[in-house]
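I opened my notebook to look up a few charged pairs. Come along and read the entries with me.

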Amino acid sequence: MHACLLIPEIVKLIFTNIYVYGTDGSLINFGDHSFQRVARRSLAALSRACRSFKDIALDALWVKLDNLEPLFACLPRDLWTMTGDGKLLIKRPVTTADWSVFEQYASRVRILGNTDSDIFGGIDAEFVYAMMGFCSQSLLVPNLRILYCKGYPHVLHLCMRYLLGPNLVYLLLVPPTEGFWSNIMPSVLSGLSRHSPQLEVVEFVGPYAMCPRVSELALCGLKHLRKVTLVLPSRGDLSWLSRLVGLQELRITLAGILPPLRSQFRTSYLDKLVVRSFNWTSGGSSVAGWVVPCRQLQLIPAFSESAVAVECVLRTLDKRLLFDVLEHILLDVVLEPADHIGNAFTLQTFSPLMRFSGLKEVDLSTFCMSLLDDDDLGSIVKSWPRLECLHLGTRCFWQTPPKITFRGLVALLSTCPNLRNLGLVFDATKVDSLTVEKPGRGVCNTNITSFHVGFSPIEQPLQVAVLLSAVLPCLGEFSVESLLSKGPGRVAREAKWREVLEHISHTLIKKEESNTTGLETRGLTRRST
(Lines give C-alpha, C1' and ligand atoms only; values in the text may rest on other atoms or scores of the structure.)
Protein backbone atom coordinates (compact mmCIF):
# COMPACT_ATOMS: atom_id res chain seq x y z
CA MET A 1 0.00 0.00 0.00
CA HIS A 2 1.24 3.48 -0.84
CA ALA A 3 2.43 5.47 2.17
CA CYS A 4 -0.09 8.26 1.42
CA LEU A 5 -2.95 5.83 2.09
CA LEU A 6 -1.71 5.37 5.65
CA ILE A 7 -2.68 8.97 6.43
CA PRO A 8 -6.35 8.97 7.60
CA GLU A 9 -7.01 12.54 6.43
CA ILE A 10 -6.01 11.69 2.85
CA VAL A 11 -8.06 8.50 2.82
CA LYS A 12 -11.09 10.39 4.18
CA LEU A 13 -10.78 13.02 1.45
CA ILE A 14 -10.58 10.34 -1.26
CA PHE A 15 -13.54 8.36 0.06
CA THR A 16 -15.68 11.45 0.59
CA ASN A 17 -15.09 12.56 -3.00
CA ILE A 18 -16.30 9.24 -4.38
CA TYR A 19 -19.82 10.62 -3.84
CA VAL A 20 -18.91 13.81 -5.70
CA TYR A 21 -16.72 12.55 -8.55
CA GLY A 22 -17.59 8.85 -8.68
CA THR A 23 -14.94 6.24 -9.37
CA ASP A 24 -14.00 7.54 -12.82
CA GLY A 25 -13.34 11.17 -11.87
CA SER A 26 -16.46 12.66 -13.51
CA LEU A 27 -18.76 14.99 -11.60
CA ILE A 28 -21.80 13.11 -10.32
CA ASN A 29 -25.35 14.28 -10.91
CA PHE A 30 -26.91 13.84 -7.48
CA GLY A 31 -30.32 13.28 -9.03
CA ASP A 32 -28.99 10.22 -10.85
CA HIS A 33 -29.59 7.25 -8.55
CA SER A 34 -27.44 4.92 -10.69
CA PHE A 35 -24.38 7.07 -9.90
CA GLN A 36 -25.26 6.93 -6.21
CA ARG A 37 -25.60 3.14 -6.29
CA VAL A 38 -22.17 2.77 -7.93
CA ALA A 39 -20.63 5.09 -5.34
CA ARG A 40 -22.23 3.18 -2.46
CA ARG A 41 -21.09 -0.19 -3.83
CA SER A 42 -17.56 1.17 -4.19
CA LEU A 43 -17.49 2.42 -0.60
CA ALA A 44 -18.93 -0.85 0.69
CA ALA A 45 -16.16 -2.74 -1.11
CA LEU A 46 -13.51 -0.40 0.30
CA SER A 47 -14.79 -0.95 3.85
CA ARG A 48 -14.10 -4.68 3.41
CA ALA A 49 -10.80 -4.32 1.56
CA CYS A 50 -8.57 -3.18 4.43
CA ARG A 51 -8.92 -2.86 8.19
CA SER A 52 -7.55 0.70 8.16
CA PHE A 53 -10.13 1.66 5.51
CA LYS A 54 -13.15 0.21 7.31
CA ASP A 55 -14.33 3.05 9.58
CA ILE A 56 -13.50 5.82 7.10
CA ALA A 57 -15.31 4.03 4.26
CA LEU A 58 -18.33 3.25 6.45
CA ASP A 59 -18.56 6.89 7.54
CA ALA A 60 -18.60 7.97 3.88
CA LEU A 61 -21.05 5.21 2.96
CA TRP A 62 -23.61 6.08 5.64
CA VAL A 63 -23.20 9.86 5.75
CA LYS A 64 -26.39 10.43 3.70
CA LEU A 65 -29.58 8.36 3.45
CA ASP A 66 -32.75 9.11 1.49
CA ASN A 67 -34.76 7.20 4.12
CA LEU A 68 -34.26 4.83 7.06
CA GLU A 69 -34.84 1.60 5.13
CA PRO A 70 -31.11 0.78 4.64
CA LEU A 71 -30.54 1.01 8.41
CA PHE A 72 -33.40 -1.37 9.21
CA ALA A 73 -32.38 -3.70 6.37
CA CYS A 74 -28.93 -4.11 8.00
CA LEU A 75 -30.50 -5.80 11.03
CA PRO A 76 -30.31 -9.62 11.31
CA ARG A 77 -32.38 -11.30 8.62
CA ASP A 78 -34.39 -13.36 11.12
CA LEU A 79 -35.70 -10.12 12.70
CA TRP A 80 -37.65 -8.89 9.70
CA THR A 81 -39.25 -9.86 6.42
CA MET A 82 -40.16 -7.96 3.27
CA THR A 83 -43.62 -8.23 1.72
CA GLY A 84 -44.32 -8.34 -1.98
CA ASP A 85 -44.96 -4.58 -2.08
CA GLY A 86 -41.60 -3.83 -0.40
CA LYS A 87 -42.82 -3.26 3.17
CA LEU A 88 -40.48 -4.23 6.04
CA LEU A 89 -42.30 -6.14 8.80
CA ILE A 90 -40.90 -7.23 12.17
CA LYS A 91 -40.94 -11.00 12.89
CA ARG A 92 -39.73 -11.22 16.51
CA PRO A 93 -38.87 -8.97 19.48
CA VAL A 94 -35.83 -6.73 19.19
CA THR A 95 -32.81 -7.68 21.30
CA THR A 96 -29.81 -5.80 22.63
CA ALA A 97 -27.66 -7.45 19.99
CA ASP A 98 -30.01 -6.18 17.27
CA TRP A 99 -29.78 -2.64 18.63
CA SER A 100 -25.98 -2.82 18.71
CA VAL A 101 -25.95 -3.57 14.97
CA PHE A 102 -28.38 -0.73 14.27
CA GLU A 103 -26.46 1.73 16.43
CA GLN A 104 -23.16 0.89 14.72
CA TYR A 105 -24.46 2.31 11.43
CA ALA A 106 -27.03 4.86 12.66
CA SER A 107 -24.35 6.84 14.50
CA ARG A 108 -22.61 7.50 11.16
CA VAL A 109 -25.61 9.12 9.44
CA ARG A 110 -25.37 12.92 9.14
CA ILE A 111 -27.97 13.68 6.44
CA LEU A 112 -31.38 12.02 6.24
CA GLY A 113 -34.23 12.35 3.75
CA ASN A 114 -35.07 14.27 0.59
CA THR A 115 -38.03 16.29 -0.62
CA ASP A 116 -39.40 13.44 -2.76
CA SER A 117 -40.01 10.55 -0.39
CA ASP A 118 -41.11 9.42 3.07
CA ILE A 119 -38.17 9.32 5.51
CA PHE A 120 -39.40 5.98 6.89
CA GLY A 121 -39.77 4.46 3.42
CA GLY A 122 -41.53 1.10 3.54
CA ILE A 123 -40.81 0.35 7.21
CA ASP A 124 -43.88 -0.83 9.12
CA ALA A 125 -44.83 1.35 12.10
CA GLU A 126 -44.59 -1.58 14.54
CA PHE A 127 -40.99 -2.20 13.45
CA VAL A 128 -40.09 1.48 14.03
CA TYR A 129 -41.66 1.57 17.49
CA ALA A 130 -39.90 -1.65 18.45
CA MET A 131 -36.51 -0.11 17.63
CA MET A 132 -37.42 3.11 19.43
CA GLY A 133 -37.79 1.09 22.62
CA PHE A 134 -34.02 0.51 22.60
CA CYS A 135 -32.93 4.13 21.96
CA SER A 136 -30.50 4.81 24.80
CA GLN A 137 -30.64 8.60 24.19
CA SER A 138 -34.19 8.69 22.81
CA LEU A 139 -32.65 9.10 19.36
CA LEU A 140 -32.76 6.80 16.35
CA VAL A 141 -30.00 8.70 14.55
CA PRO A 142 -27.96 10.40 17.29
CA ASN A 143 -25.50 12.43 15.17
CA LEU A 144 -27.91 13.71 12.54
CA ARG A 145 -27.12 17.23 11.30
CA ILE A 146 -29.49 17.70 8.34
CA LEU A 147 -33.06 16.40 8.15
CA TYR A 148 -35.33 16.66 5.11
CA CYS A 149 -38.84 15.44 5.81
CA LYS A 150 -41.62 15.39 3.24
CA GLY A 151 -43.93 13.54 5.58
CA TYR A 152 -44.80 10.06 6.66
CA PRO A 153 -47.82 8.06 7.93
CA HIS A 154 -49.78 9.83 10.64
CA VAL A 155 -49.19 6.90 13.00
CA LEU A 156 -45.45 7.73 13.02
CA HIS A 157 -45.80 11.38 14.06
CA LEU A 158 -44.35 10.70 17.52
CA CYS A 159 -41.25 9.17 15.93
CA MET A 160 -40.22 12.64 14.75
CA ARG A 161 -39.02 13.35 18.28
CA TYR A 162 -36.48 10.51 17.90
CA LEU A 163 -34.84 12.29 14.95
CA LEU A 164 -34.46 15.71 16.58
CA GLY A 165 -31.00 15.47 18.14
CA PRO A 166 -28.64 18.02 19.70
CA ASN A 167 -26.38 18.12 16.61
CA LEU A 168 -29.15 19.06 14.16
CA VAL A 169 -28.42 22.33 12.30
CA TYR A 170 -30.87 22.11 9.36
CA LEU A 171 -34.53 21.04 9.43
CA LEU A 172 -36.90 21.06 6.45
CA LEU A 173 -40.52 19.91 6.77
CA VAL A 174 -42.83 19.59 3.75
CA PRO A 175 -46.29 18.55 5.04
CA PRO A 176 -47.99 16.27 2.47
CA THR A 177 -51.47 16.97 3.88
CA GLU A 178 -53.14 19.57 6.04
CA GLY A 179 -53.47 16.93 8.76
CA PHE A 180 -49.69 16.96 9.19
CA TRP A 181 -50.12 19.98 11.47
CA SER A 182 -52.44 18.10 13.83
CA ASN A 183 -51.96 18.29 17.59
CA ILE A 184 -49.15 15.69 17.69
CA MET A 185 -46.67 17.40 15.36
CA PRO A 186 -47.06 20.87 16.96
CA SER A 187 -46.46 19.23 20.36
CA VAL A 188 -43.23 17.70 19.09
CA LEU A 189 -42.03 20.95 17.48
CA SER A 190 -42.85 23.07 20.52
CA GLY A 191 -39.82 21.50 22.21
CA LEU A 192 -37.48 22.15 19.29
CA SER A 193 -35.21 24.48 21.25
CA ARG A 194 -34.70 21.78 23.90
CA HIS A 195 -34.17 18.89 21.50
CA SER A 196 -32.08 20.68 18.82
CA PRO A 197 -30.69 23.92 20.28
CA GLN A 198 -28.00 24.23 17.55
CA LEU A 199 -30.50 24.65 14.69
CA GLU A 200 -29.42 27.32 12.23
CA VAL A 201 -31.91 26.77 9.37
CA VAL A 202 -35.58 25.81 9.76
CA GLU A 203 -37.86 25.55 6.73
CA PHE A 204 -41.57 24.76 7.04
CA VAL A 205 -42.68 24.80 3.40
CA GLY A 206 -45.59 23.54 1.33
CA PRO A 207 -49.14 24.65 0.59
CA TYR A 208 -50.48 24.19 4.13
CA ALA A 209 -50.27 27.03 6.65
CA MET A 210 -48.84 26.48 10.10
CA CYS A 211 -50.41 27.94 13.22
CA PRO A 212 -48.45 31.10 14.19
CA ARG A 213 -48.48 30.05 17.83
CA VAL A 214 -46.84 26.72 16.97
CA SER A 215 -44.20 28.53 14.89
CA GLU A 216 -43.53 30.86 17.78
CA LEU A 217 -43.08 28.00 20.28
CA ALA A 218 -40.86 26.09 17.85
CA LEU A 219 -38.54 28.93 16.84
CA CYS A 220 -38.25 31.60 19.50
CA GLY A 221 -35.92 29.60 21.76
CA LEU A 222 -33.38 28.85 19.01
CA LYS A 223 -30.42 31.14 19.68
CA HIS A 224 -28.39 30.15 16.58
CA LEU A 225 -31.21 30.53 14.05
CA ARG A 226 -30.06 32.26 10.83
CA LYS A 227 -32.63 31.33 8.18
CA VAL A 228 -36.37 30.61 8.45
CA THR A 229 -38.99 29.65 5.86
CA LEU A 230 -42.64 29.71 6.94
CA VAL A 231 -46.16 29.35 5.54
CA LEU A 232 -48.50 31.28 7.84
CA PRO A 233 -52.13 32.44 7.57
CA SER A 234 -52.44 36.04 6.41
CA ARG A 235 -54.82 36.69 9.32
CA GLY A 236 -52.27 35.55 11.92
CA ASP A 237 -50.40 37.79 14.37
CA LEU A 238 -46.76 37.88 13.28
CA SER A 239 -45.39 40.24 15.93
CA TRP A 240 -43.51 37.30 17.52
CA LEU A 241 -41.08 37.35 14.58
CA SER A 242 -39.38 40.29 16.32
CA ARG A 243 -38.10 37.83 18.92
CA LEU A 244 -35.98 35.93 16.38
CA VAL A 245 -32.79 37.74 17.31
CA GLY A 246 -29.86 37.09 14.97
CA LEU A 247 -32.05 36.09 12.02
CA GLN A 248 -30.39 36.78 8.65
CA GLU A 249 -32.90 35.46 6.13
CA LEU A 250 -36.69 35.18 6.29
CA ARG A 251 -38.90 33.61 3.62
CA ILE A 252 -42.57 33.89 4.45
CA THR A 253 -45.71 32.91 2.56
CA LEU A 254 -48.90 34.62 3.71
CA ALA A 255 -51.60 32.09 2.85
CA GLY A 256 -55.27 32.91 2.38
CA ILE A 257 -57.48 35.39 0.54
CA LEU A 258 -59.09 37.02 3.57
CA PRO A 259 -58.11 40.62 4.40
CA PRO A 260 -54.78 40.42 6.22
CA LEU A 261 -54.30 41.29 9.88
CA ARG A 262 -51.89 44.17 10.29
CA SER A 263 -49.20 43.08 12.72
CA GLN A 264 -46.02 44.67 14.05
CA PHE A 265 -42.66 43.15 13.16
CA ARG A 266 -39.46 45.05 13.80
CA THR A 267 -35.86 44.00 13.39
CA SER A 268 -32.61 45.90 12.98
CA TYR A 269 -31.56 44.20 9.71
CA LEU A 270 -32.08 41.18 7.48
CA ASP A 271 -29.75 40.08 4.74
CA LYS A 272 -32.68 38.70 2.74
CA LEU A 273 -36.47 38.94 2.97
CA VAL A 274 -38.87 37.07 0.67
CA VAL A 275 -42.62 37.72 1.00
CA ARG A 276 -45.21 35.71 -0.93
CA SER A 277 -48.87 36.73 -0.82
CA PHE A 278 -52.20 36.52 -2.65
CA ASN A 279 -51.78 39.78 -4.58
CA TRP A 280 -49.92 43.07 -4.35
CA THR A 281 -52.58 44.81 -2.26
CA SER A 282 -52.93 42.05 0.34
CA GLY A 283 -49.17 41.63 0.57
CA GLY A 284 -48.65 45.35 1.07
CA SER A 285 -51.34 45.49 3.76
CA SER A 286 -49.84 42.49 5.60
CA VAL A 287 -46.43 44.10 5.98
CA ALA A 288 -47.61 47.71 6.42
CA GLY A 289 -46.82 47.49 10.14
CA TRP A 290 -43.34 46.05 9.65
CA VAL A 291 -40.04 47.87 9.99
CA VAL A 292 -37.50 45.52 8.42
CA PRO A 293 -34.43 47.00 6.72
CA CYS A 294 -33.00 44.37 4.35
CA ARG A 295 -30.23 44.10 1.78
CA GLN A 296 -32.18 41.77 -0.54
CA LEU A 297 -35.94 42.01 -1.00
CA GLN A 298 -38.22 39.74 -3.04
CA LEU A 299 -41.98 40.37 -3.31
CA ILE A 300 -43.85 37.55 -5.06
CA PRO A 301 -47.67 37.61 -5.07
CA ALA A 302 -49.63 34.81 -6.72
CA PHE A 303 -51.77 37.20 -8.79
CA SER A 304 -50.72 40.44 -10.43
CA GLU A 305 -52.53 43.77 -10.41
CA SER A 306 -52.16 46.99 -12.37
CA ALA A 307 -48.94 48.96 -12.53
CA VAL A 308 -50.66 51.66 -10.45
CA ALA A 309 -51.31 49.09 -7.69
CA VAL A 310 -47.65 48.03 -7.76
CA GLU A 311 -46.55 51.65 -7.47
CA CYS A 312 -48.95 52.18 -4.56
CA VAL A 313 -47.57 49.16 -2.70
CA LEU A 314 -43.97 50.28 -3.25
CA ARG A 315 -44.79 53.70 -1.81
CA THR A 316 -46.44 52.02 1.18
CA LEU A 317 -43.32 49.97 1.83
CA ASP A 318 -41.01 52.98 1.97
CA LYS A 319 -39.40 53.02 5.43
CA ARG A 320 -41.12 49.68 6.06
CA LEU A 321 -39.16 47.28 3.89
CA LEU A 322 -37.44 49.77 1.60
CA PHE A 323 -34.42 51.38 3.24
CA ASP A 324 -31.09 52.79 2.06
CA VAL A 325 -29.35 49.45 2.74
CA LEU A 326 -31.31 47.88 -0.16
CA GLU A 327 -29.01 46.41 -2.84
CA HIS A 328 -31.11 43.71 -4.53
CA ILE A 329 -34.81 43.79 -5.38
CA LEU A 330 -36.95 41.27 -7.25
CA LEU A 331 -40.63 41.79 -8.05
CA ASP A 332 -42.37 38.77 -9.54
CA VAL A 333 -45.74 37.01 -9.78
CA VAL A 334 -46.54 33.31 -9.75
CA LEU A 335 -49.15 33.52 -12.52
CA GLU A 336 -48.22 35.41 -15.70
CA PRO A 337 -49.78 38.92 -15.75
CA ALA A 338 -52.55 39.63 -18.24
CA ASP A 339 -51.43 41.29 -21.47
CA HIS A 340 -53.19 44.57 -20.70
CA ILE A 341 -51.82 48.06 -21.16
CA GLY A 342 -52.77 48.90 -17.56
CA ASN A 343 -50.22 46.37 -16.34
CA ALA A 344 -47.33 48.01 -18.22
CA PHE A 345 -44.79 49.83 -16.06
CA THR A 346 -44.12 53.52 -16.65
CA LEU A 347 -41.52 55.92 -15.30
CA GLN A 348 -44.00 56.71 -12.53
CA THR A 349 -44.07 53.05 -11.47
CA PHE A 350 -40.31 53.13 -10.95
CA SER A 351 -40.28 56.40 -9.01
CA PRO A 352 -40.54 54.81 -5.51
CA LEU A 353 -37.35 52.81 -6.23
CA MET A 354 -35.32 55.57 -7.84
CA ARG A 355 -34.06 57.02 -4.54
CA PHE A 356 -32.09 53.86 -3.75
CA SER A 357 -28.74 54.71 -5.33
CA GLY A 358 -27.09 51.64 -3.77
CA LEU A 359 -29.08 49.16 -5.83
CA LYS A 360 -26.90 46.55 -7.52
CA GLU A 361 -29.52 44.12 -8.81
CA VAL A 362 -33.02 44.82 -10.13
CA ASP A 363 -35.15 41.98 -11.49
CA LEU A 364 -38.52 42.94 -13.00
CA SER A 365 -38.40 40.41 -15.82
CA THR A 366 -42.06 39.35 -15.50
CA PHE A 367 -43.61 42.74 -16.18
CA CYS A 368 -44.35 44.66 -19.37
CA MET A 369 -41.92 47.53 -20.05
CA SER A 370 -43.27 48.50 -23.47
CA LEU A 371 -44.29 52.02 -22.37
CA LEU A 372 -40.75 53.00 -21.36
CA ASP A 373 -38.75 54.93 -23.96
CA ASP A 374 -35.03 55.74 -24.14
CA ASP A 375 -35.38 58.86 -21.99
CA ASP A 376 -37.34 56.98 -19.33
CA LEU A 377 -34.72 54.23 -19.18
CA GLY A 378 -31.96 56.82 -18.96
CA SER A 379 -33.68 58.60 -16.05
CA ILE A 380 -34.19 55.30 -14.20
CA VAL A 381 -30.66 53.95 -14.49
CA LYS A 382 -29.08 57.32 -13.62
CA SER A 383 -30.49 56.67 -10.15
CA TRP A 384 -28.65 53.31 -9.94
CA PRO A 385 -24.99 53.96 -10.93
CA ARG A 386 -23.77 50.85 -9.02
CA LEU A 387 -26.06 48.51 -10.94
CA GLU A 388 -24.56 45.08 -11.76
CA CYS A 389 -27.63 43.06 -12.80
CA LEU A 390 -30.74 44.37 -14.58
CA HIS A 391 -33.66 42.40 -16.00
CA LEU A 392 -36.66 44.27 -17.41
CA GLY A 393 -39.67 42.66 -19.13
CA THR A 394 -37.89 39.70 -20.73
CA ARG A 395 -39.88 36.69 -19.54
CA CYS A 396 -43.18 37.17 -21.38
CA PHE A 397 -44.46 38.27 -24.79
CA TRP A 398 -46.47 41.50 -24.94
CA GLN A 399 -48.66 42.73 -27.79
CA THR A 400 -47.43 46.29 -27.27
CA PRO A 401 -44.01 46.60 -28.97
CA PRO A 402 -41.12 48.12 -27.00
CA LYS A 403 -40.17 51.79 -27.35
CA ILE A 404 -36.60 51.45 -26.08
CA THR A 405 -34.06 51.43 -28.92
CA PHE A 406 -30.33 50.89 -29.34
CA ARG A 407 -29.76 54.44 -28.06
CA GLY A 408 -31.40 53.51 -24.74
CA LEU A 409 -29.20 50.42 -24.49
CA VAL A 410 -26.05 52.51 -25.04
CA ALA A 411 -27.20 55.03 -22.41
CA LEU A 412 -27.73 52.17 -19.96
CA LEU A 413 -24.25 50.73 -20.58
CA SER A 414 -22.67 54.18 -20.31
CA THR A 415 -24.42 54.99 -17.01
CA CYS A 416 -23.83 51.59 -15.38
CA PRO A 417 -20.25 50.52 -16.18
CA ASN A 418 -20.36 47.69 -13.60
CA LEU A 419 -23.21 45.92 -15.37
CA ARG A 420 -22.45 42.21 -15.85
CA ASN A 421 -25.88 40.59 -16.21
CA LEU A 422 -28.44 42.08 -18.59
CA GLY A 423 -31.99 41.34 -19.68
CA LEU A 424 -33.73 44.07 -21.69
CA VAL A 425 -36.44 44.21 -24.34
CA PHE A 426 -35.68 46.80 -27.02
CA ASP A 427 -36.66 47.53 -30.61
CA ALA A 428 -33.81 46.10 -32.67
CA THR A 429 -35.56 46.99 -35.95
CA LYS A 430 -34.58 50.65 -35.59
CA VAL A 431 -30.95 50.83 -36.65
CA ASP A 432 -29.85 54.47 -36.63
CA SER A 433 -27.54 55.29 -39.54
CA LEU A 434 -25.49 57.74 -37.48
CA THR A 435 -24.97 55.09 -34.85
CA VAL A 436 -23.75 52.63 -37.48
CA GLU A 437 -20.99 55.06 -38.46
CA LYS A 438 -19.71 55.17 -34.86
CA PRO A 439 -21.42 52.32 -32.98
CA GLY A 440 -21.95 52.99 -29.29
CA ARG A 441 -20.04 56.29 -29.34
CA GLY A 442 -17.12 54.63 -27.59
CA VAL A 443 -19.20 52.82 -24.96
CA CYS A 444 -17.98 49.25 -24.45
CA ASN A 445 -18.87 46.68 -21.78
CA THR A 446 -16.72 43.53 -21.66
CA ASN A 447 -18.38 42.07 -18.52
CA ILE A 448 -21.59 40.97 -20.20
CA THR A 449 -21.39 37.59 -21.95
CA SER A 450 -25.10 36.72 -22.01
CA PHE A 451 -27.96 38.97 -23.13
CA HIS A 452 -31.62 38.11 -22.46
CA VAL A 453 -33.48 40.04 -25.16
CA GLY A 454 -36.98 38.68 -24.46
CA PHE A 455 -39.39 39.39 -27.32
CA SER A 456 -37.20 42.15 -28.82
CA PRO A 457 -38.24 42.50 -32.49
CA ILE A 458 -35.46 42.20 -35.07
CA GLU A 459 -35.26 42.41 -38.89
CA GLN A 460 -31.61 42.88 -39.89
CA PRO A 461 -29.35 40.51 -37.92
CA LEU A 462 -26.13 41.69 -39.60
CA GLN A 463 -26.65 45.37 -38.77
CA VAL A 464 -27.69 44.51 -35.21
CA ALA A 465 -24.58 42.35 -34.85
CA VAL A 466 -22.37 45.26 -35.94
CA LEU A 467 -23.93 47.53 -33.33
CA LEU A 468 -23.90 45.03 -30.48
CA SER A 469 -20.38 43.78 -31.17
CA ALA A 470 -19.16 47.34 -30.67
CA VAL A 471 -20.75 47.85 -27.24
CA LEU A 472 -20.87 44.22 -26.04
CA PRO A 473 -17.88 42.54 -27.72
CA CYS A 474 -17.81 39.52 -25.37
CA LEU A 475 -21.36 38.36 -26.03
CA GLY A 476 -21.61 34.58 -26.33
CA GLU A 477 -25.31 33.93 -25.80
CA PHE A 478 -28.77 35.39 -26.52
CA SER A 479 -32.03 34.17 -25.02
CA VAL A 480 -35.60 35.15 -25.88
CA GLU A 481 -38.84 35.03 -23.90
CA SER A 482 -40.05 31.90 -22.13
CA LEU A 483 -41.63 29.10 -24.17
CA LEU A 484 -44.57 29.21 -21.75
CA SER A 485 -45.53 32.71 -22.90
CA LYS A 486 -46.31 31.28 -26.39
CA GLY A 487 -45.45 34.50 -28.16
CA PRO A 488 -46.20 34.60 -31.92
CA GLY A 489 -43.10 34.41 -34.09
CA ARG A 490 -40.90 33.19 -31.26
CA VAL A 491 -39.13 30.54 -33.36
CA ALA A 492 -38.30 32.98 -36.17
CA ARG A 493 -37.23 35.63 -33.67
CA GLU A 494 -34.96 33.19 -31.86
CA ALA A 495 -33.41 32.15 -35.19
CA LYS A 496 -32.61 35.78 -36.07
CA TRP A 497 -30.96 36.40 -32.70
CA ARG A 498 -28.97 33.22 -33.21
CA GLU A 499 -27.84 34.67 -36.53
CA VAL A 500 -26.73 37.83 -34.72
CA LEU A 501 -24.59 35.70 -32.43
CA GLU A 502 -23.01 33.93 -35.40
CA HIS A 503 -22.08 37.29 -36.97
CA ILE A 504 -20.59 38.51 -33.68
CA SER A 505 -18.59 35.30 -33.28
CA HIS A 506 -17.32 35.58 -36.86
CA THR A 507 -16.30 39.20 -36.27
CA LEU A 508 -14.49 38.24 -33.08
CA ILE A 509 -12.57 35.46 -34.86
CA LYS A 510 -11.53 37.86 -37.63
CA LYS A 511 -10.29 40.38 -35.04
CA GLU A 512 -8.25 37.71 -33.27
CA GLU A 513 -6.74 36.57 -36.59
CA SER A 514 -5.97 40.18 -37.49
CA ASN A 515 -4.29 40.79 -34.12
CA THR A 516 -2.26 37.61 -34.49
CA THR A 517 -1.16 38.58 -38.01
CA GLY A 518 -0.21 42.05 -36.80
CA LEU A 519 1.94 40.65 -34.00
CA GLU A 520 3.70 38.27 -36.41
CA THR A 521 4.33 41.12 -38.86
CA ARG A 522 5.81 43.35 -36.17
CA GLY A 523 8.01 40.46 -35.03
CA LEU A 524 9.36 39.92 -38.55
CA THR A 525 10.00 43.65 -38.95
CA ARG A 526 12.07 43.77 -35.75
CA ARG A 527 14.12 40.75 -36.78
CA SER A 528 14.81 42.20 -40.26
CA THR A 529 16.09 45.46 -38.78
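Is Arg-395 buried, partly exposed or exposed? I looked it up in this predicted model, and Arg-395 counts as partly exposed at 33% relative accessibility.

**Entry: the partner of Arg-395.** I found that its side chain meets that of Asp-332 in a salt bridge, 3.2 Å from N to O. The pair links distant parts of the chain, 63 residues apart. Asp-332 sits in the loop between strand 14 (328–331) and helix 12 (347–350), while Arg-395 sits in the loop between strand 16 (389–392) and helix 14 (406–415). I noted that Asp-332 counts as buried, because its relative accessibility is 12% and the cut-off for buried is under 20%.

**Entry: why pair at all?** Side chains of opposite charge can pair when their charged atoms come close.

**Entry: two more pairs.** I saw Asp-78 and Arg-92 joined by a salt bridge of 3.1 Å, N to O. Asp-78 is in the loop between helix 4 (69–73) and strand 2 (80–82), and Arg-92 is in the loop between strand 3 (88–90) and helix 5 (96–106), so this pair ties together parts that are 14 residues apart in sequence. Asp-78 is partly exposed at 44%, and Arg-92 is partly exposed at 23%. I then checked Asp-66 and Lys-64, whose side chains form a salt bridge at 3.2 Å, N to O. Asp-66 is partly exposed at 24%, as is Lys-64 at 34%.

**Entry: the whole structure.** How many salt bridges does a search of the whole structure find? I wrote down 21. I also noted a network of salt bridges that links Asp-271, Arg-295, Glu-327 and Lys-360.

Key:
Residues numbered from 1 in each chain as written. Predicted model: local features only at pLDDT ≥ 70, side-chain atom pairs only at ≥ 80, totals over all residues. Heavy atoms only, no water. Salt bridge = Lys/Arg side-chain N within 4 Å of Asp/Glu carboxyl O. Buried < 20%, exposed > 50% of the residue type's maximum accessible area, 1.4 Å probe, protein only. Helix = DSSP H or I, 4+ residues; strand = E, 2+ residues; numbered from the N terminus.
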